Every structure is written in structure tokens, then in C-alpha cells.
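Student: Could you take me through one part of this model up close, the sheet and the helices packed around here? I'd like the contacts spelled out residue by residue.

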Amino acid sequence: MIIEVIAYTLSDALIAAKNGADRLEVITSPAEGGLTPSLGLVQSIRDQVDIDIRVMVRPHSRSFVYSKEDIEVMERDIANLQSLGVSGLVTGALTPQGDVDTNTLERLLAAANDLPITFHRAIDEATDLGQAIHTLGQYSQITHILTSGGRPSVLEASDIIEQLTPVAKQQGITLLPGAGLHIDALESFLRQTSVQEFHIGSAARLNGSIMNPIDVDKLSAIRRIADQFSH
């Protein structure tokens, strides 16, 4: 069972890596859902942490519909992040109609060369979640989709995650449930959905707030629960 943990400071990353995280999603601006972090932060984490690092490429939080200028910035960010040797990237884009923006996505994938990509929660604003998964399945670089099943909390979408996990798997993609998971509901969620990876933010932090530091005891407890489902 793979646990991905949000990190937006170096201390986050160090604590998470030592206490059960298998992969980090590195961001800044957690209150905005995560934006592209500084190169200094990414390089510091890259230098001091051995686990997989996927870095957010998202220039702003206005929407997931990007202008020509936005895309140029994202391409430059990707080039800079590649030079630091990150394990992968987290990005995504939609059309104004709520479909996956394949034109933008193809530019970003080309900029990333062979780096694996997680398509982020833009998918939760897609008009048709299932169709979006099928569209993303056309791209072998996309290894994961981070989703709350189109709901504010993934705990409200257990049935959807259970249904879509095998659909994504047929496309060669791992569905990565996240948003709203917490310790008390984690075991039942994992049992119902049979997912093999999940994404944790607030649940691993003091007082359950994304703006607080990681709570070692909470993250360790999450690890113990996850290990019950490891094969």
C-alpha cells in the first residue's frame, strides 16, 4: 500500500519520509489546493529525501483552463524541475467545456519528456469523470490520477472510486484517491475500494489542518492502517 503525502516545506518532507510516506507531492500554497513550488524547496527536498518526489506544476488557482501565457510558464517550470532530477510531475488542464484539454496536456507531456505524470484534481471538475479517465488512458506518461471522485470529499465517493479503479487500471493508470480522507474512516475506505495507493494531506497534520505541520503520531497511525492492506 503506497501512501503519498503532501509536503510544502522541507521539514514536512523530512518528517514524512521518516514516518511512513512512500511518495511526496511537493507543492506551495496549500490553501489554494497546491501551486508550483520554488526551485529552492524542490532542490532541498531532492538533496535530503530518498523517496519518490512528484512536483506540482500549476501556475495559479483561478481555474484549470490555461492561457497561452500560462502554458509557456508551465513548460519553463517543467524544464527547470527536470533539471533537478525529480521523480515525476503533477499537472492537468481542462477546456472551458470541462473536458481534458488534450492540446495543452500534450504540450506539457512533451516538455516533461519521459517523466511520469499524475493528472491532478482538475479531473474532479471534468464534465464526465469516466470519459476523462478514458482520454487520459491514451497517454502512457500518465501513471496516476488524483481524484476525490468528483465530490468535495473522497469519503462521499467510495462507490465511485470502487467503480472507477478497475476502469483506470484497464487504461494503465492508478487511481489515487485523496481529499477528505481521515484516520477514523481510512480502514473502511481502503477495505471497500480495494485501492493500492492513497493521498494524504490534512489527515496527517496537527488538528487536521493542512496549514499545520505534520503530526508524526497521525502519520505513523496512517502507515499502520495502510500496512494491514499491503500484499
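**A close look at the sheet and its helices**

Tutor: Let's start with a helix pair: the axes of helix H5 (residues 129-136) and helix H6 (residues 158-170) come within 10 Å and cross at roughly 25°. That angle makes H5 roughly parallel to H6, since anything under 35 degrees counts as such. The crossing of H5 and H6 is right-handed. On the H5 side, the contact is made by Leu-129, Gly-130, Ile-133 and His-134, and on the H6 side by Ile-160, Leu-164, Val-167 and Ala-168. Sorted by type, the residues of this H5 and H6 contact come out as six nonpolar, two polar and no charged. Keep in mind that this is a predicted model.

H5 also leads us to the sheet. H5 lies across strand E5 (117-119), E6 and E7, and runs at about 160° to E6. The sheet is an open one of eight strands, with parallel pairing. If you walk across it, the order is E7-E6-E5-E4-E3-E2-E1-E8. The edge strands are E7 (174-177) and E8 (197-200), each of which pairs on one side only. Neighbouring strands are turned by 25° against each other on average, if you ignore direction. As for what holds such an arrangement together, strands of a sheet pair through backbone hydrogen bonds, either parallel or antiparallel.

Strand E6 (residues 142-147) is joined to E7 by four bridges, and the two run parallel.

Strand E1 (residues 2-7) has five of its six residues buried, so E1 is largely enclosed by the rest of the structure. On its other pairing, E1 goes with strand E2 (residues 23-26) in the parallel sense, over four bridges. Val-5 is a handy residue for seeing both pairings: its bridge partner in E8 is Ile-200, while in E2 its bridge partner is Leu-24.

Leu-24 deserves a stop of its own. This residue of strand E2 has a relative accessible area of 0%, so Leu-24 is buried, the cut-off being under 20%. Leaving out residues up to four places away in sequence, Leu-24 touches Glu-4, Val-5, Ala-7, Ala-13, Ala-16, Ile-45, Val-49, Ile-51, Asp-52, Ile-53 and Arg-54. So that you have a distance to check too, Leu-24 and Ile-71 are 47 residues apart in sequence and 24 Å apart in space, C-alpha to C-alpha.

Helix H7 (residues 183-193) packs with helix H8 (residues 216-227) at an angle of about 15°, with their axes 10 Å apart. H7 and H8 are therefore roughly parallel to each other, and H7 passes H8 in a right-handed crossing. From H7, Ile-183, Leu-186, Glu-187 and Leu-190 meet Lys-218, Ala-221, Ile-222, Ile-225 and Ala-226 in H8. The residues of this H7 and H8 contact divide into seven nonpolar, no polar and two charged.

Conventions:
Residues are numbered from 1 along each chain as its sequence is written. This is a predicted model: local features need pLDDT of at least 70, side-chain atom pairs count only at pLDDT 80 or more; totals for chains, interfaces and linings use all residues. Side-chain values use heavy atoms; hydrogens and water are left out. Axes are lines fitted to C-alpha atoms, for helices over the stretch in contact, and angles run from 0 to 180 degrees between N-to-C directions. Angles under 35 degrees count as roughly parallel, over 145 as roughly antiparallel, 65 to 115 as roughly perpendicular and the rest as oblique. A crossing is left-handed if the near helix is turned anticlockwise from the far one by less than a right angle, and right-handed if clockwise. Contact means heavy atoms within 4.5 Å. Ala, Val, Leu, Ile, Met, Phe, Trp, Tyr, Cys and Pro count as nonpolar, Asp, Glu, Lys and Arg as charged, and the others, Gly among them, as polar. Two strands pair if DSSP finds at least two bridges between them. Buried means under 20% relative accessible area, exposed over 50%, partly exposed in between (1.4 Å probe, protein chains only).
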